[in-house]
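Colleague: I would like to go through this model with you. May I start with a strand pairing and move on from there?

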Amino acid sequence: MAARKSDTKLYVLDTNVLIHDPAAILNFEEHQVVIPMTVLEELDKLKMGKAAIATDCREAIRKIDRIIGDASPTEIAKGVPIIRPDGGCQGHLSILLDGFDHPNRSLPPDLNDNKIINSLVGLQEKYPRRDVILITKDINMRLKARGCGIGAQDYQNDQLVSDVSLLETGYHAFADSFWETQAEVETFHDQSGTYHRVPLANLPEDLFINRFIVDEKGFVGKVVALEEHSAVLQDLPSDQLMRQSAWGLTPRDIPQALALHLLLDPDVHLVTLSGQAGSGKTILALAAAIEMTVATKQFRRIIATRSTRGLDEDIGFLPGTEAEKMEPWLGAITDNLEALHNEDEHAGSSVDYILQKVPLQFKSLNYIRGRSFQHSLILIDECQNLTPHQMKTIITRAGSGSKVVCLGNLAQIDTPYLNPISSGLTYLIERFKQFSYGGTIHLEGSPRSVLAEYAETHL
């Protein structure tokens, strides 16, 4: 009869997991977390510099050092108890030497990934009663590990939805008339508009503040309060929403109108816009940003940043200001500025005038850490390429009187260790569902062109 397996497992963390979430060590409860020596060497190589990845490496190394402290080599190999923030101990952390040699089942040791997998084969043989599981965001490494008989998983602690189709869209659409589903409604008016108090029993279950109810008959209601047994909806006439304007831009459909309503609402401090290429995310956000900085003076400046591989690297030592070095990345902003002014007699002059007049600053992600932006509109483009940890780092830069707008398309992830479920954009939308000063809208369609829409769905 086979020996009974131990309840505590050995979770071996790859380098990309610690970069993705430096606090990953603390997220395996009563189980033992194992850090291979090769992983420590990779963290050491990547820790230098100002790039975002270097900061994450340094943070991960500090967390490992804090747990290990002055433990002896024997204790480190066996497992050091992990002290939790409440003072209690749960789980263990150990460092694994890559000194196992298994000629029959080993991979060529010329790659670090192979060294780690080889050491796990030895670890599994040393502890046959314990499950050894490799945690890595590298799909190919997971396949290689399974080929060598080692269990392997993605890091799932910050994956809040099982399928991206379940992600919050920001509005609930009724197929026919919303009012036909309601029996008891209390309607009242004040100087700010018309409101309806509707029983929660007749509404969708997952309802939050700043979410919308829409139907095919043209009704649009915004959830402004949730009571014990009812919800208060603000009546927003659809024709009025469609007539909204920001720097001359009007919405083309109801989702764009809802997005513009959230962007222009001074009581909403975080707006997340997701949707496919050409759905209008950037142009809506930019038009609203210019409107609120130049026309209504709600914000002093616009801080624009985006997640692109090149932005995570050092911007170099050659002559030129930060703004000049970031100019190649301003393409999305200037393209949309031109679109906003293509009706003007001298469109080029209008764009130059706006760039001079609008206090628009384009910042590298490297130089956002440690900053605090007061009375600013922070525009974060390409959010789908950010990890949850990076997303937290940027959003916590918002000081008093600031608003954050996050844009992204989960179908265009360019980072090798992220997918739509583990993306920082997905994490943000799910984590902020219950934030009463935030709102999200998933934009539909592809108004950019018939060609763009066909390419999005058929290529």
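Colleague: Which residue of strand 15 is the bridge partner of Ala304?

Modeller: The partner of Ala304 in strand 15 is Phe362. Please keep in mind that this is a predicted model.

Colleague: How many bridges join strand 14 to strand 15?

Modeller: Three bridges join strand 14, residues 301-306, to strand 15, and the two run parallel.

Colleague: What is the strand order in the open sheet?

Modeller: The order is 15-14-16-17-13-18, six strands in parallel pairing. Strand 15 (360-362) and strand 18 (438-443) are the edge strands, each pairing on one side only. On average, neighbouring strands of this sheet are turned by 15° against each other, direction ignored.

Colleague: Now strand 13. How many bridges does strand 13 form with strand 17, and how many with strand 18?

Modeller: Strand 13 pairs with strand 17 over five bridges and with strand 18 over six bridges. Both pairings are in the parallel sense. As examples, Val271 has Val405 of strand 17 as its bridge partner, and Thr272 has Thr440 of strand 18.

Colleague: Are the faces of strand 13 covered or open?

Modeller: Both faces are covered. Leu270, Thr272 and Ser274 are buried on one side, and Val271, Leu273 and Gly275 are buried on the other.

Colleague: Which helix lies across strand 13?

Modeller: Helix 8, residues 254-264, lies across strand 13 (270-275), strand 17 and strand 18. Helix 8 runs at about 155° to strand 18.

Colleague: Turning to helix 9, how far apart are its end C-alpha atoms?

Modeller: They are 21 Å apart.

Colleague: Is helix 9 enclosed or open?

Modeller: Helix 9 is largely enclosed by the rest of the structure, because 14 of its 15 residues are buried. Just after helix 9, Lys297 takes a positive phi of about 55°.

Colleague: A change of topic: where does Ser402 lie?

Modeller: Ser402 is in the loop between helix 13 (388-395) and strand 17 (403-408). Its relative accessibility is 9%, so Ser402 counts as buried, the limit being under 20%.

Colleague: What does the side chain of Ser402 reach?

Modeller: The side chain of Ser402 reaches the backbone oxygen of Phe373 at 2.6 Å and the backbone nitrogen of His375 at 3.2 Å. Leaving aside residues up to four places away in sequence, Ser402 touches His269, Phe299, Phe373, Gln374, His375 and Ser376.

Colleague: And Gln182, buried or exposed?

Modeller: Gln182 is buried, with a relative accessible area of 11%. Gln182 sits in the loop between strand 7 (171-174) and strand 8 (186-190). Its side chain makes a polar contact with the side chain of Thr181 at 2.9 Å. Beyond residues up to four places away in sequence, Gln182 touches Val198, Pro199, Asn202 and Leu203.

Colleague: Finally, how many helices and strands does the protein have?

Modeller: The protein has 15 helices and 18 strands. Of its 459 residues, 50% are buried. Among contacts between residues at least 6 apart in sequence, 67% join residues at least 24 apart. The protein exposes about 22,400 Å², of which carbon and sulfur atoms supply 52%.

Technical notes
Residues are numbered from 1 along each chain as its sequence is written. This is a predicted model: local features need pLDDT of at least 70, side-chain atom pairs count only at pLDDT 80 or more; totals for chains, interfaces and linings use all residues. Side-chain values use heavy atoms; hydrogens and water are left out. Helices (H or I, at least four residues) and strands (E, at least two) are DSSP runs, numbered from the N terminus. Buried means under 20% relative accessible area, exposed over 50%, partly exposed in between (1.4 Å probe, protein chains only). A polar contact is a pair of N or O atoms within 3.5 Å; within protein, one must be able to donate a hydrogen and the other to accept it, and residues adjacent in sequence count only if both atoms are side-chain atoms. Contact means heavy atoms within 4.5 Å. The expected span of a helix is 1.5 Å times one less than its number of residues. Two strands pair if DSSP finds at least two bridges between them. Axes are lines fitted to C-alpha atoms, for helices over the stretch in contact, and angles run from 0 to 180 degrees between N-to-C directions. Accessible areas come from the Shrake-Rupley method with a 1.4 Å probe; for residues, only the protein chains shown count as cover.
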